[in-house]
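Student: I am new to this structure and would like to go through it by question and answer. Please show it first.

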Amino acid sequence: MSVEIGIASGVGFSCLHLLFRTLFSRLTFITSSNFSTLYPDQSGSLSADLPDGIKVFRLPTSIVFTNAYRIKDTLLNTVRVYSSGAQVVEDVKVEDRLWSEDGERQIAKMRLEAGIRVTEPCPRLQIVVLDFDSVAYIDVTGLQALKEAKRKLRLFAGEGLEGRFVGLNGGVRG
């Protein structure tokens, strides 16, 4: 085997590794129990007891076309499992509806899988915090996914929902 083949194999492996690492990156849901582990420098100065209605997420890597919609879906599903939304009163008869109620059943199923009893009331979502500390780059698909997540979160929680971005570095800000 020649040196060129070895170098080409190494470059190919590195590209595949980067692609799969980005593709299968996981959004981290910050809770009171894992706050001090994920933010050891902050655990002494801030209360690790997060208030109800505030959901904090840590983004693992750059948001690009390979992982944007996976991150968005994980964010939305986690919010729906651990929060309650705004009470929307529908004045449409069941037989006149053009939509199904599968979403509520899916949320109930996800809550059972997460160990939350369906009868337990979840706190109403007020603020969503996204930690961009590990994000070096966001492409157009990532921006579109964040914009769509914002729209769906506002539909779920109401217009009073606040979004906070923390840990933005220069490449993401500008």
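Student: Which residues have the most contacts inside the largest nonpolar core?

Tutor: This is a predicted model. Its largest nonpolar core has 24 residues. Those with the most contacts inside this core are Leu75 and Phe132.

Student: Which helix gives the most to this core?

Tutor: At least two residues of the core come from each of helix 3 (68-82), strand 3 (127-131) and helix 5 (140-157). With six residues, the one that gives the most is helix 5.

Student: What does Leu75 touch, leaving out residues up to four places away in sequence?

Tutor: Contact here means heavy atoms within 4.5 Å. With residues up to four places away in sequence not counted, Leu75 touches Leu27, Phe57, Val128, Leu130, Ala149 and Leu153.

Student: Is Thr61 buried or exposed?

Tutor: Thr61 is found in the loop between strand 2 (54-58) and helix 3. Its relative accessible area is 13%, and buried means under 20%. Therefore Thr61 is buried.

Student: Is Asn67 buried or exposed?

Tutor: Asn67 is found in the loop between strand 2 and helix 3. Its relative accessibility is 0%, and the cut-off for buried is under 20%. Asn67 therefore counts as buried.

Student: Which backbone oxygen does the side chain of Asn67 reach?

Tutor: Not counting residues up to four places away in sequence, Asn67 touches Thr22, Leu23, Ser25, Thr61 and Ser62. At 3.0 Å, the side chain of Asn67 reaches the backbone oxygen of Ser62.

Conventions
Residues are numbered from 1 along each chain as its sequence is written. This is a predicted model: local features need pLDDT of at least 70, side-chain atom pairs count only at pLDDT 80 or more; totals for chains, interfaces and linings use all residues. Side-chain values use heavy atoms; hydrogens and water are left out. A nonpolar core is a set of buried Ala, Val, Leu, Ile, Met, Phe, Trp, Tyr and Cys residues joined through side-chain atoms within 4.5 Å. Buried means under 20% relative accessible area, exposed over 50%, partly exposed in between (1.4 Å probe, protein chains only). Helices (H or I, at least four residues) and strands (E, at least two) are DSSP runs, numbered from the N terminus. A polar contact is a pair of N or O atoms within 3.5 Å; within protein, one must be able to donate a hydrogen and the other to accept it, and residues adjacent in sequence count only if both atoms are side-chain atoms.
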